[in-house]
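Q: I would like to learn how to read the contacts in a structure like this one. Could you take me through them step by step?

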Number of protein chains: 2
Amino acid sequence: MRTELPMVPELRLDLQRPDVSEAARVAALVGDPVRAGILAILRDGPHCVCEMAAALGERQNNVSNHLARLRDAGLVRASRHGADARWVYYERDEAAISDAAGALRDLLG
Amino acid sequence: MRTELPMVPELRLDLQRPDVSEAARVAALVGDPVRAGILAILRDGPHCVCEMAAALGERQNNVSNHLARLRDAGLVRASRHGADARWVYYERDEAAISDAAGALRDLLG
DNA sequence: CGACCGTCTCAGCGCTGACTGACACACTCA
DNA sequence: TGAGTGTGTCAGTCAGCGCTGAGACGGTCG
């Protein structure tokens with residue numbers, strides 16, 4: 001039972017709408033299990049699409065779709081393999097991910 | 001241009017599917033702008049539903065719906081006002097929110 | 001060159017989830 | 001007791017998103 005609540009209800013209707021668009025945008029991206037799994041797999045270095053698809057139990061084009069979302073958001077980068085350019089390796093953009101984590105930390109304290 | 005990539009493509013199909021269910025669950029919750037706004041407003045102490053609805057520009061029953069989602073997840077607590085029990089004040093459960101932030105920090109580094 | 005491979009793109013479909021309106025509930029006050 | 005207020009709940013509706021299949025692209029190897 002909280003005692004610091006005001007004894008008389010005093011509505012505070014002057015509250016400003018907080019700007020949480022960035023945090024919500026990032027959280028909605030990470031909120032998908034496939035995209036969260038991709039970011040988790042890429043923690044230990046670059047991987048190609050087929051490796052991640054196999055690890056996640058998802059089809060390649062599906063993983064590719066989610067990778068495009070993460071790429072558009074700037075959270076991952078793509079680069080073709082030097083020896084066999086058919087393989088596309090993805091890696092995390094740690095700077096962008098750090099910014100995203102900062103927005104979430106600002107919201108969740 | 002990364003030079004530490006293997007010169008010959010060696011598929012690593014032994015990757016384990018990482019467990020990101022908790023992080024994805026939390027992120028999907030925070031991924032909604034209304035719920036993110038609620039958590040932001042509650043950073044400066046308890047507020048009743050009508051205050052948050054006014055600040056967010058949303059209807060009371062809609063905010064109440066989102067509060068139920070956050071309540072079921074344990075991120076917020078509800079308590080009726082001592083003087084006028086019609087008002088329901090919500091406050092953040094900092095322990096649960098800290099756990100949620102930990103799961104996201106573990107994923108985003 | 002042609003066959004094959006890994007990846008990307010996109011229309012289509014199905015389903016989840018947010019918003020709404022109406023109603024019910026708990027409480028206060030005249 | 002009745003009206004009025006703040007909140008909760010629920011079915012209905014609809015936009016949005018994820019998954020799929022088919023096709024196209026770029027690259028490799030014979």
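Predicted model: local features only at pLDDT ≥ 70, side-chain atom pairs only at ≥ 80, totals over all residues.

A: Residues are numbered from 1 along each chain as its sequence is written, and chains are lettered from A and ligands numbered from 1 in the order in which they are written.

Q: Which residues come nearest to DNA strand C?

A: A residue is near a strand if its C-beta atom, placed from the backbone, lies within 6 Å of it. Of the 22 residues around DNA strand C, Cys48(A), Cys50(A), Asn61(A), Ser64(A) and Ala85(B) come nearest.

Q: Which element gives the largest share of the surface near DNA strand C?

A: Helices (H or I, at least four residues) are DSSP runs, numbered from the N terminus. Helix 4 of chain A gives the largest share of this surface, six residues.

Q: Which residues are closest to DNA strand D?

A: DNA strand D is surrounded by 22 residues, and the closest are Ala85(A), Cys48(B), Cys50(B), Asn61(B) and Ser64(B). Here helix 4 of chain B gives the most to the surface, with six residues.

Q: How many residues of chain A are in contact with chain B?

A: Two residues are in contact if their C-beta atoms, placed from the backbone, lie within 7 Å. In this model, 50 residues of chain A are in contact with 50 residues of chain B. On the side of chain A that touches chain B, helix 5 of chain A gives the most, with seven residues.

Terms used:
Helix = DSSP H or I, 4+ residues; strand = E, 2+ residues; numbered from the N terminus.
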